[in-house]
Amino acid sequence: MNLKNTILHSFKWIFICVLIGIFSGSASAFFLVSLEWVTQFREHNNWIIWLLPVGGLYIGWLYYKYGATVVKGNNLLLEEYENPQKKIPFRMAPMVLISTLITHLFGGSAGREGTAVQMSGAIADQFTTYFKLDNSDRRTLIILGISAGFASVFGTPLAGAIFALEVLYFSKINLKSSVLSFVVAYIAYFTVEILQVKHTHYSIPEVPEISINAIWLSIAVGIVFGFAAMIFSRTTHFWGRLFAKTIEYGPLRPFVGGLILVIAIYLMGTTKFIGLGIPSIVESFSTANTPYDFLLKILFTGFTLGAGFKGGEVTPLFFVGATLGSALSVVVPLPIALLAGMGFVAVFSGATHTPIACTVMGMELFGIESGVFIGIACLVAYFASGSVGIYHSQIVKGAKYKLYQRFKRKNLADF
């Protein structure tokens, strides 16, 4: 490739990044604003939770009728990256957007990253046709879609770019994809900023001196966070398998699941464990949580997603980690905000096998001063969380794979 062609090729990919970044960032901005509206409406009109089974029935019917090719969600992106077959249908974007808003409006427990990443991935893959790209370039588009969606929905461009590469285990990734992942992440991030859509801010006001004792404590809580990630992942998959096995007709699964959730919410007399749970996450940085809050969020989220409602897992993972870290502050002599922040990203690290991205995310959200503690917690949780993550199509290799092979002496998938 001569210099002229190299320059033209570079401009083409920068242009693609600009388009994906703007479109994905705009989609995430619209989604975040809409999500805030439906959340506020539900909080001020709790009666609407009784309609959760009806919302579930509609979501189930929608995917049964029109979504057979996109129902795998994030797993479809991972599968198409590993073994490209055909372009991801654009319908994935509006379907997951509508379904996630319905889930949150009526009181399901779910997140938002899955929605943003799926919308962005579907948008990005459409450029396969417009620019006549081959399978190798399609892989780059999928990376760009994941990066833009993650960066824009959480306001963490560095973590978004790294997450897109790390969640794929850096497989078949070249220098071009790596550089463009950062470019598109920042374009998507600034698109949301320009549109003046705000993200939740967290802070860790007190970070202790690094000492042997503090490091050992970080390792200990990292193991606990890893176990929490394992429970979360396995619980979500368990409910999914159970619903698929016991209810053959797809649209009835979220309907029945919605009925059970409504009864559970009514009997518990609280809405703390539905929706995103942002207020509880923020509160956990200053007030110690009860030791079972994280378990109830795991149960509600796993059941909601397993029944067939839509959304993501990451914000509930933040809830699980932050409330668990907050509860541990009663027995662990580290600042409560630091423990909540460590759990916030460490449980996410364990559930997605992405310790690098989660460490970077922690420093973006909480400040670089807490980086050592966050890095230790994320790395330890990554090793302690088992092989089963929230994305069953994710390829799990690297240091964890080698360690488990060495000590278990069997396939990692069996652990």
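Ser181 lies in helix H9, where helices are DSSP runs of type H or I with at least four residues, numbered from the N terminus. At 0% relative accessibility, Ser181 counts as buried, a word used for under 20% relative accessible area, with exposed meaning over 50% and partly exposed in between, for a 1.4 Å probe and protein chains only. Setting aside neighbours within four places in sequence, Ser181 is in contact with Ile143, Leu144, Ser147, Ala161, Ala164 and Leu165, contact being heavy atoms within 4.5 Å.

This is a predicted model, in which local features need pLDDT of at least 70 and side-chain atom pairs count only at pLDDT 80 or more, while totals for chains, interfaces and linings use all residues. Residues are numbered from 1 along each chain as its sequence is written, and side-chain values use heavy atoms, leaving out hydrogens and water.

**Helices H7 and H9**

- Two packed helices are described by the angle between their axes and the distance between the axes.
- Helix H7 (residues 135-154) packs against helix H9 (residues 175-194) at an angle of about 35°, with the axes 8 Å apart; the axes are lines fitted to C-alpha atoms over the stretch in contact, and angles run from 0 to 180 degrees between N-to-C directions.
- On the H7 side the contact includes Ile143, Leu144 and Ser147, and among the residues they and their neighbours meet in H9 are Leu180, Ser181 and Val184.
- The residues of this contact of H7 with H9 divide into 10 nonpolar, five polar and two charged, where Ala, Val, Leu, Ile, Met, Phe, Trp, Tyr, Cys and Pro count as nonpolar, Asp, Glu, Lys and Arg as charged, and the others, Gly among them, as polar.

**Helix H16**

- Helix H16 (residues 355-366) has 12 residues and reaches 16 Å from its first C-alpha to its last, close to the 16 Å expected at 1.5 Å a residue, the expected span being 1.5 Å times one less than the number of residues.
- Nine of the 12 residues of H16 are buried, so this helix is largely enclosed by the rest of the structure.
- The buried residues of H16 include Cys358, Met361 and Phe366, and what covers the buried residues includes H7, helix H8 (157-166), H14, H15 and helix H17 (371-384).
- Gly367 follows H16 and has a positive phi, near 105°.

**Aromatic rings**

- Rings of Phe, Tyr and Trp (its six-membered ring) pair if their centres lie within 6.5 Å, and planes under 30 degrees apart count as stacked, over 60 as edge-to-face and the rest as tilted; by this rule the count comes to 29 aromatic pairs.
- The rings of Phe285 and Phe344 have centres 6.4 Å apart and planes at 65°, so this pair is edge-to-face.
- The pair links distant parts of the chain, 59 residues apart, with Phe285 in the loop between helix H12 (278-284) and H13, and Phe344 in helix H15 (residues 336-352).
- Phe285 counts as buried at 9% relative accessibility, and Phe344 counts as buried at 1%.
- Ring pairs link both residues into a cluster, whose members include Phe150, Phe154, Phe285, Phe344 and Phe366.

**Glu313**

- Glu313 is placed in the loop between helix H13 (293-307) and helix H14 (314-328), and is buried, with a relative accessible area of 13%.
- Not counting residues up to four places away in sequence, Glu313 touches Glu113, Phe232, Leu305, Ile390 and Tyr391.

Key
Helix = DSSP H or I, 4+ residues; strand = E, 2+ residues; numbered from the N terminus.
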